[in-house]
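Q: Let's go through this one together, with the sequence and the model side by side.

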Amino acid sequence: MVTQMKTLDDYKNAYKASVENPEQFWADQADKFVWKKRWDKVLKWDFKGPDVRWFDGGKLNITENCLDRHVEVRGDKTALIWVGNEPDAPNKTYTYKELFLKVNKFANALKAQGVKKGDRVVFYMPMIPELMIGMLACARIGAIHSIVFAGFSAQSLADRIIDAEAKVVICSDYNRRGAKNIPVKTVVDEALALGCKTIEKVIVYKSTGGDMVWNPDMDVDYCKIMDGVAEFCEPEAMESEDPLFILYTSGSTGKPKGVVHTTAGYMVFAAYTFKNVFQYQENDIYWCTADIGWVTGHSYIVYGPLLEGATTMMFEGVPSYPDAGRFWDIIEKNKVTQFYTAPTAIRALMAEGDEFVEKYDLSSLKVLGTVGEPINEEAWMWYFEKVGKRAKPIVDTWWQTETGGILITPLPLITDMRPTFASYPLPGVQPILVDPAGNLITENGVEGLLCIKFPWPGILRTTWGDHVRCRQTYFSAFPDLYFTGDGARRDEDGRYRIIGRVDDVLNVSGHRIGTAEVENAINMAPGVVESAVVGFPHDIKGQGIYAFVIAQGSVDNIDELKKSIINSVRVEIGPIAKPDIIQIVPGLPKTRSGKIMRRILRKIASGDMSNIGDISTLLNPEVVEEIKKNAPTL
């Protein structure tokens, strides 16, 4: 088990040690795990490449540390509590020994299907235990898992399968989500028809037993391949820097990036951050509400908790089904101690009224957390007062898919809290602010661009199949720095507040969505000439999507055009990316070189018509007044 800080002095001492002698600090944490071969060197790094290597020369298997080492000492302890979509359905629980056996069996089943070390396996599944079992089984045999959120469209799924050159897809038949029963297998079939030539098998878990098309040449029944399989699979010896998983994230260009995390550094960082940020104790019941299709689910539903021998929860449903009390009902029934969710969910539940939270006993809670986007003060205060009863600390965590784990956060009952501030860097994390020219900003009470000047063990290593893109995206803006893409404010006491993205990436309900992706999808709709997408403040989502669209000729039926645009976005990306507002415009404000002036569109989208700024350099300044005049009232 990694070291747990308990006091403010512990934090200050750990942070000092991690900066002054980072190799020794992280070696001390890594020593607590099972290694097949100890490393030769703790850290080699160069941000120019980038080339970052942690625990180089070491050999290990992450599942031995998640499962095998716990079986003897806590084999009968509950590892996983699964809460189904329907509120009256009993939970499924798995002890560490039961989870160990399931993972080993499925690892052997995968091997029997021809999956081997280095192969890529794509998951497109709802939040059911078989998803966790499957990803751990991949790690057991050295296959690289790539989990795609089961709300993405067939085109988005196909793009990821093709980029990863995946060998196998693992899916369910359907996805129960609130009152909906979503045909997951149908989406996979549609994706495979879009040119996924590397797929050899589709392993299907019949979650609901609903009707579906079955291709006997490719489709394989999950339960049948588990029959009669041995209950032990020898864990593959993985090099420290062997890839563990690929997770696709939106960028400022249309093509998603396959962020690669490797085995040893990610393992050490996920465990250390989980134990310290949530102050987990042996008998706690920890619940993160994220979907495992996002990095939060990887690090803080699966790997972090299991590495520390925790009891982790997994929820199939949504917070609003059957009513807005569902989260609080689950907390009461399961005596949840740590609760980690998104500001979007908090705002949505806050809007439903206090009565849904006030009727439940939430006294088991010890720590509240937020993730995915900066939380606004009103939502923070509601969470603190109504859920935490003004007694439970909130950890407002900041991190990214690329960072592997939490970088900046308060520590519960150790450091102070300030609403809307992610606050302080964790040990091993060295944030700085720079101005647009890359000059270091040393004083406090300032805003700047957030960079990290030294590697931490969870940092991404590359983008799959395109290392140049990794360098250009994260390491080219400022020499020898990792640029987060976020702006931040540092207050007089050194706390950090994340202001938001400075590139063309939106943060909608905690999901990063590239404006270029959405524009490409809109432009595919019949009758669309060109579009520009920006974010605007949204009471529930944090950021909504505002689309300015130029139509072809005169439009007879604007409602039909808007429906066509929304449908195109659903098909190309998925429902999470559909625009909240679509404004048909005669043109877009452009410079003489043809660049769209998004600054102006952001002002209009936010309702700030009085301060558009200088438009004299535009090729078509007259179009701004037309857009302003016809903008909907927010």
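Q: What does Arg-461 touch, not counting residues up to four places away in sequence?
A: Arg-461 touches Val-52, Trp-54, Glu-241, Val-260, Thr-262, Gly-265, His-467 and Cys-470, where contact means heavy atoms within 4.5 Å. Keep in mind that this is a predicted model, in which local features need pLDDT of at least 70, side-chain atom pairs count only at pLDDT 80 or more, and totals for chains, interfaces and linings use all residues. Residues are numbered from 1 along each chain as its sequence is written, and side-chain values use heavy atoms, with hydrogens and water left out.

Q: Does Arg-461 count as buried or exposed?
A: Arg-461 counts as buried because its relative accessibility is 9%; the label means under 20% relative accessible area, with exposed over 50% and partly exposed in between (1.4 Å probe, protein chains only). Arg-461 sits in the loop between strand E23 (446–452) and strand E24 (462–463). Helices (H or I, at least four residues) and strands (E, at least two) are DSSP runs, numbered from the N terminus.

Q: And which side chain makes a polar contact with the side chain of Arg-461?
A: That of Glu-241, at 2.9 Å. A polar contact is a pair of N or O atoms within 3.5 Å; within protein, one must be able to donate a hydrogen and the other to accept it, and residues adjacent in sequence count only if both atoms are side-chain atoms.

Q: Switching to Lys-185: buried or exposed?
A: Lys-185, which has its place in helix H7, is buried, because its relative accessible area is 1%. Beyond its neighbours within four places in sequence, Lys-185 is in contact with Cys-171, Ser-172, Asp-173, Val-202, Val-204, Met-212, Val-213 and Asp-219.

Q: Which other residues are buried in helix H7?
A: In H7 (residues 184–192), the buried set is Val-184, Lys-185, Val-187, Val-188, Ala-191 and Leu-192. Viewed down the axis of H7, these buried residues fall within an arc of 155 degrees, so they line one face of the helix; the arc is that of the directions from the helix axis to the C-beta atoms. As background, an α-helix has 3.6 residues a turn, so residues three or four places apart point the same way.

Q: Where does Val-202 lie?
A: Val-202 lies in strand E11 (residues 201–205) and counts as buried because its relative accessibility is 0%. Outside four places in sequence, the contacts of Val-202 include Lys-185, Val-188 and Leu-192, as well as Met-218 and Val-220. The C-alpha atoms of Val-202 and Ser-172, 30 residues apart along the chain, are separated by 9.9 Å.

Q: What about the largest nonpolar core: which residues touch the most other members?
A: Phe-55, Phe-106 and Tyr-303 do, out of 119 residues in that core. Helix H9 (residues 263–277) supplies the largest share of this core, ten residues. A nonpolar core here is a set of buried Ala, Val, Leu, Ile, Met, Phe, Trp, Tyr and Cys residues joined through side-chain atoms within 4.5 Å. Another core, of 42 residues, lies apart from it and has Tyr-124, Phe-152, Val-184 and Ile-573 among its members.

Q: Now the seven-stranded open sheet: what is the order?
A: The order is E5-E4-E17-E16-E18-E19-E20, with mixed pairing; two strands pair if DSSP finds at least two bridges between them. The edge strands, each pairing on one side only, are E5 (92–95) and E20 (394–396). Within the sheet, E16 (residues 285–288) and E18 (residues 338–341) run parallel and are joined by three bridges, and Trp-287 has Phe-339 in E18 as its bridge partner.

Q: Which strands does helix H5 touch?
A: Helix H5 (residues 129–141) packs on the sheet, touching E4 (78–83), E5 and E17 (311–315), and its direction makes about 125 degrees with that of E17. Axes are lines fitted to C-alpha atoms, for helices over the stretch in contact, and angles run from 0 to 180 degrees between N-to-C directions. Helix H11 (residues 326–334) lies across E4, E16, E17 and E18, at about 150 degrees to E17.

Q: Last one, the hairpin of E27 and E28: which residue takes a positive phi?
A: Ser-509 does, near 55 degrees, in a hairpin with two residues between the strands. E27 and E28 (residues 511–514) pair in the antiparallel sense over four bridges, with Asn-507 opposite Arg-512.
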